[in-house]
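Visitor: Hi! Could you walk me through this one? I'd like to start with the core.

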Amino acid sequence: MRWLVLLLALAPLPATAAVLAAARTLPAGTVITAADLRAIDGDRPGLSDPSEAIGLQTRITIHEGRPLQASLLQAPRLIARNQIHPLVFQRGALRIVTEARTLSDGAAGDVIRVMNLESRATISAVVQPDGSLLAMK
């Protein structure tokens, strides 16, 4: 019996590291702030650096205490489906601005489909960091 106690006392414990978890229940689409995060000790995988999560948007609802993983987060959506936005077509000095209806959600840099409201043509456009749309050439 003594050997068992001695053996258990000398056995290495599993390593635990601080990971980030949700400080409150975060609904899908929430943009993460520092107040939404807390550090927990655990052996479950997850993000450990707050800068990897702050400013990103949740893909699904993350319940309080659940470790944050990169697969649960995405770049914030700047464009929502079925909104009307200015669409810019630019080639050289020619610049045409019209309105278009978005056919999908999009984050900065995403290529999305939009419908030109004047011609009813469906084209691809790139979501710009400021939320505007730039028609692809």
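Visitor: Which residues make up the largest nonpolar core?
Guide: That core has 11 residues in all: Leu 20, Ala 22, Leu 26, Ile 32, Leu 37, Leu 47, Ala 53, Ile 62, Leu 68, Leu 72 and Leu 73. Keep in mind that this is a predicted model.

Visitor: And what other core lies apart from it?
Guide: Another core, of nine residues, lies apart from the largest one; Ile 79, Leu 87, Ala 125 and Leu 133 are among its members.

Visitor: Back to Leu 72, what does it touch?
Guide: Leaving out residues up to four places away in sequence, Leu 72 touches Gln 57, Thr 58, Arg 59, Ile 60, Ile 62, Arg 66 and Pro 67.

Visitor: How much of the protein counts as buried?
Guide: The buried share is 28% of the 137 residues. The accessible surface is about 8800 Å², with 58% of that belonging to carbon and sulfur atoms.

Visitor: New topic: how many helices and strands are there?
Guide: You'll find one helix and 11 strands.

Visitor: Which strands form the closed barrel?
Guide: Five of them do, in the order E6-E7-E9-E10-E11, with mixed pairing. On average, neighbouring strands of this sheet are turned by 50 degrees against each other, direction ignored.

Visitor: How do E10 and E11 pair, parallel or antiparallel?
Guide: Antiparallel, over three bridges, with E10 spanning residues 122-127 and E11 residues 133-135.

Visitor: And what stands opposite Val 126?
Guide: Leu 134 in E11 does.

Methods: Residues are numbered from 1 along each chain as its sequence is written. This is a predicted model: local features need pLDDT of at least 70, side-chain atom pairs count only at pLDDT 80 or more; totals for chains, interfaces and linings use all residues. Side-chain values use heavy atoms; hydrogens and water are left out. Two strands pair if DSSP finds at least two bridges between them. Helices (H or I, at least four residues) and strands (E, at least two) are DSSP runs, numbered from the N terminus. Axes are lines fitted to C-alpha atoms, for helices over the stretch in contact, and angles run from 0 to 180 degrees between N-to-C directions. Buried means under 20% relative accessible area, exposed over 50%, partly exposed in between (1.4 Å probe, protein chains only). Accessible areas come from the Shrake-Rupley method with a 1.4 Å probe; for residues, only the protein chains shown count as cover. A nonpolar core is a set of buried Ala, Val, Leu, Ile, Met, Phe, Trp, Tyr and Cys residues joined through side-chain atoms within 4.5 Å. Contact means heavy atoms within 4.5 Å.
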